[in-house]
Amino acid sequence: MVCPPEVRAGHRADRVLREFGLMLGALPPAARKALATALAVLDQGARLYPPSRGRRFARLDDRVASAYVGALLARRDPAGEVVRRLKSVVVTCYYELPEVQREIGYDPAPYIAAVSRRRLGSYGPQIRAGEAAVTAPADGEKP
Amino acid sequence: MISGLTTQDAVAEDLSLECGALIVGSGAGGATMAAELAEAGVDVVVLEEGGYHPTESFGAGTGRALRTLYRDGGGGMAIGRPSVLYAEGRCVGGSTVVNGGMSWRTPEQVLRRWAGQEGLRAIGARDLDPYFATIETRLSVGPQDPETIGRDSELFKGGAEARGWAVVPNRRNQLHCAGTNNCSSGCPTGAKRSMLVTSVPRALALGARLFADCRVDRIIRSGPGVSGVTGHFVRRGGHRGPRLIVRARAVIVAGGAVQTPALLLRSGLRSPSGQLGRNLSVHPNAVVTAFFDQDVHGWQGVHQAFQVREFLADGLLLTATNLTPPMLAGIMPAYGRELGELMADYNRIVTAGPLVSDTGTGRIRNVPGLGPQVFYQLTDRDAARVVRGVELTAEALFAAGARRVLLPFDGAPQVRDPHELRRLLARPVPKRSLQLFSIHLMGTARMSEDPRRGVTGSFGDFHGVPGLIVTDASIFPGPVGINPMETVIALAMRNARRLIERRDSYRL
C-alpha cells in the first residue's frame with residue numbers, strides 16, 4: 001500500500017517482501033521483535049479504524065487500506081513515527097529492485113564501469129604509485 | 001586472504017591471545033593508531049565487529065551495503081523530539097568505508113575553543129598541522145578532477161554563487177576519484193582512500209593482526225587499570241561464535257561515539273566527571289529535494305564536489321548530496337501513487353541541505369535487552385538554525401532553476417518559488433516536524449585536562465584508568481562544525497605518538 005501501484009506487476013511484491021526480510025535480518029534481535037510487534041499492531045489496529053468496519057488491515061480493500069495508512073502516517077505521535085519508519089523501509093526495498101530503478105532512469109552499473117575505465121586510462125601511473133605508497137616506509141614524513 | 005587478517009569463518013574454537021596494544025575498532029581512529037603503533041614495532045591486535053569487505057565486492061546495491069557495511073542496517077535512531085536518524089559504519093575500515101570522503105583540517109577557532117575550555121595541551125593548529133600534512137599526503141587529499149563533478153553539484157554551486165555566497169571546492173581523500181557516486185555503498189574503484197585501502201593494509205603489512213567479525217563484550221579490569229578484553233566472533237546471521245580473550249598492556253578504544261561509551265559503561269568503567277556517554281553532538285542534517293525541468297542525472301558524478309561556506313560562522317554548512325533511489329524514496333514525504341509520481345522525476349532531482357554545528361547534547365545509555373540507545377534533544381536555537389539552513393538551501397536551488405522543492409518538515413506543502421518559501425517560513429516550524437539525520441556523532445568521552453569535566457585527558461588517556469586510551473570522535477570536546485574524519489585521524493596520530501614516546505611505562 002505504501003509502494004506505487006506498479007508493485008503489483010510481476011512478482012515485485014514478493015521480492016519487496018524478500019528484501020524487507022533481509023533488511024530485518026540486519027537489525028538486532030530486539031529491534032526485529034519490536035518491528036514484528038509494530039506490524040502486528042498495524043494489522044490488528046485497523047479494526048479500530050471506523051471505515052474498516054472491524055476488519056484487519058490485511059483484509060481491507062485498496063481504498064480503505066490507503067486511507068488507513070494515510071491516517072497513520074499523518075499522526076504526530078510515536079505511533080505515527082513507527083509507521084513512517086516502516087513505510088521508509090518498505091519503499092527503500094521497492095526502489096532497490098533493478099527494474100524499478102531502470103524505469104526511473106537509474107542504471108549505475110554501466111556508468112560505474114565506464115568511469116572506472118576512464119580513470120585508469122587517464123591516471124593509471126599516478127594511481128599505481130599512490131597505491132604502492134600505502135605500504136611504503138614513512139621515512140621523512142613524520143611530524 | 002590478506003596476511004594478518006582473520007575472519008570468523010577461519011576460527012573454529014575459542015581463542016586466547018596476548019599483545020602489546022589492543023585496539024577496538026578499525027575506522028579512522030583505530031586503523032590510524034594501529035598503523036602508527038605497528039610502524040614503531042609495537043605488537044598490535046585490532047578487533048573489528050564488522051566484516052571484511054574488499055573493494056571488489058562493492059557495487060551499486062544500496063540494500064546490500066546497508067546490511068553488510070552499516071550497523072543495524074544504517075537505521076539507528078537518536079530518540080528525542082524530533083528523533084534523529086543516524087548511521088554508523090560497521091566493517092573493516094569503519095565509517096570511512098561509507099562516508100562521503102570529505103577531508104578538512106579542524107578549523108583553528110574550534111581548536112582554540114577546545115584548548116581554552118578544557119585546558120588541552122598540544123592541540124593548537126601549529127601542533128596539528130604536521131599531522132594534517134602527513135594525512136593529506138597519505139590519503140591523497142585534494143579537490144576533484146573536473147571531469148568527475150556531477151551536474152547536481154554544478155547546479156547547486158551556480159545557485160549559491162548567484163546569491164553571492166562563498167563556495168569552495170570540497171577536499172576529499174581520493175586518488176583520482178572516478179565519480180561513481182557510490183561513496184555510501186563502498187567505493188567500487190578504491191579511489192576513496194578509506195582506512196580499508198590505506199591504514200588497515202599498512203598496519204597489516206607492518207605486522208599488526210586484525211580480527212574481523214569480532215564483537216568486544218567487555219574490557220578486563222586489573223586493579224585500577226585494564227589488562228585486555230573479552231569478546232566473541234559473530235557468525236553469519238548474527239549468531240554467536242567462539243569466544244576470544246586478548247591480554248594487552250594497553251587497550252585503545254575506537255568504536256565511535258556510540259559504541260565506545262557503551263563498551264566502557266558495560267565494562268563497569270566510570271568517569272569521575274560523570275560525563276561518560278554524555279555531551280553527544282550529532283551535526284543534524286536535513287535534505288531539501290528540488291525538481292528541475294532539465295535532466296540532472298545527479299548520480300553521474302561525485303557528490304558534494306563543493307561546499308557553501310558563507311554561513312560557517314553561523315554554524316551552517318550547505319552542500320548537494322545525491323541520494324540513490326532507495327535512500328531518496330525512504331525520506332520522501334509521500335507514499336503509494338504520489339510517491340511513484342515524485343520518483344518518476346528522479347533524473348531531474350537535486351538533493352541538498354545544511355549541516356548544523358549543534359549546541360544540543362545527547363546521551364548514550366545501555367538499556368537492558370536493547371543494548372546501547374541514543375537520546376538527543378535538539379535545542380530551540382539549533383532547530384531555528386536547521387530551518388534557516390533549509391531556507392538558504394532552497395533559495396540556492398531556486399536560484400539554480402528549481403521549479404519546486406520539498407522541505408524536510410512533516411506535512412509541509414510543495415513550494416514553487418522563493419515567495420512561497422518566505423510565506424511558509426514566516427510561520428514557526430514546529431521543532432518536532434523536522435526530519436533530521438546524522439552521520440557525525442561526537443563528544444561522548446570528551447577530552448579535558450580537568451578530570452571533573454572530561455572523561456579523557458589531552459591525549460585520549462582515560463582519567464584514572466592507567467592503560468586505557470580512547471581515540472575516536474568520542475573525545476571531541478564539542479562539535480567540530482565540519483566533516484570530522486581528518487580531525488579523528490590527526491588526533492589518533494598524535495595520541496599514537498604520545499603512546500610511543502611513553503612506551504616504556506606501558507611496557508610496549
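Predicted model: local features only at pLDDT ≥ 70, side-chain atom pairs only at ≥ 80, totals over all residues.
Chain A is helical, with 6 helices and 0 strands, and the order of elements along its sequence reads α-α-α-α-α-α. The radius of gyration of chain A is 24 Å, well over the 15 Å that the globule rule gives for 143 residues, so the chain is more spread out than a compact globule. Along the principal axes, the C-alpha atoms of chain A occupy a box of roughly 75 × 40 × 25 Å. Buried positions make up 27% of the 143 residues of chain A. Among the contacts in chain A with a separation of 6 or more, 39% are between residues 24 or more positions apart.

In chain B, helix H1 (residues 28-39) packs with helix H12 (residues 485-501) at an angle of about 35°, and the two axes are 8 Å apart. The crossing of H1(B) and H12(B) is right-handed. On the side of H1(B), the contact is formed by Ala28(B), Gly29(B), Thr32(B), Met33(B), Glu36(B) and Leu37(B). The residues that they meet in H12(B) include Met485(B), Val488(B), Ile489(B), Ala492(B), Met493(B) and Ala496(B). Classified by residue type, the contact of H1(B) with H12(B) comprises 11 nonpolar, 3 polar and 1 charged residues.

Helix H3 of chain B, residues 108-118, contains the buried residues Val110(B), Leu111(B), Trp114(B) and Glu118(B). Viewed down the axis of H3(B), these buried residues fall within an arc of 100°, so they line one face of the helix. In general, an α-helix has 3.6 residues a turn, so residues three or four places apart point the same way. The buried residues of H3(B) pack against helix H4 (125-138) of chain B, whereas Gln109(B) and Gly116(B), on the other side of H3(B), are exposed. After H3(B) comes Gly119(B), with a positive phi near 65°. The loop between H3 and H4 of chain B also holds Ala122(B), which has a positive phi of about 55° although it is not a glycine. Ala122(B) counts as partly exposed because it has 13 C-beta neighbours inside 10 Å.

Further backbone features of chain B occur in other loops. His283(B) is located in the loop between helix H7 (256-266) and strand E13 (288-291) of chain B. The phi of His283(B) is near 45°, a positive value in a residue other than glycine. With 26 C-beta neighbours inside 10 Å, His283(B) reaches the cut-off of 20 or more and therefore counts as buried. A cis peptide bond, with omega about 5°, joins Arg81(B) and Pro82(B). Pro82(B) is placed in the loop between strand E4 (76-79) and strand E5 (84-86) of chain B.

The contact between the chains involves 48 residues from chain B and 46 residues from chain A. On the side of chain B that touches chain A, the elements giving two or more residues are helix H2 (62-69), H4, helix H6 (199-205), helix H8 (325-331) and helix H9 (336-343) of chain B. H9(B) provides the largest share of this side, 5 residues. By class, the side of chain B that touches chain A consists of 20 nonpolar, 21 polar and 7 charged residues.

Note on methods. Residues numbered from 1 in each chain as written. Chains lettered and ligands numbered in written order. Helix = DSSP H or I, 4+ residues; strand = E, 2+ residues; numbered from the N terminus. Rg over C-alpha atoms; globule rule 2.2 N^0.38 Å. Buried ≥ 20, exposed ≤ 12 C-beta atoms within 10 Å, placed from the backbone. Contact = placed C-beta atoms within 7 Å. Axes fitted to C-alpha atoms, helices over the stretch in contact; angles between N-to-C directions. Left-handed = near helix turned anticlockwise from the far one by under 90°. Nonpolar A, V, L, I, M, F, W, Y, C, P; charged D, E, K, R; others polar. Arc of directions from axis to C-beta.
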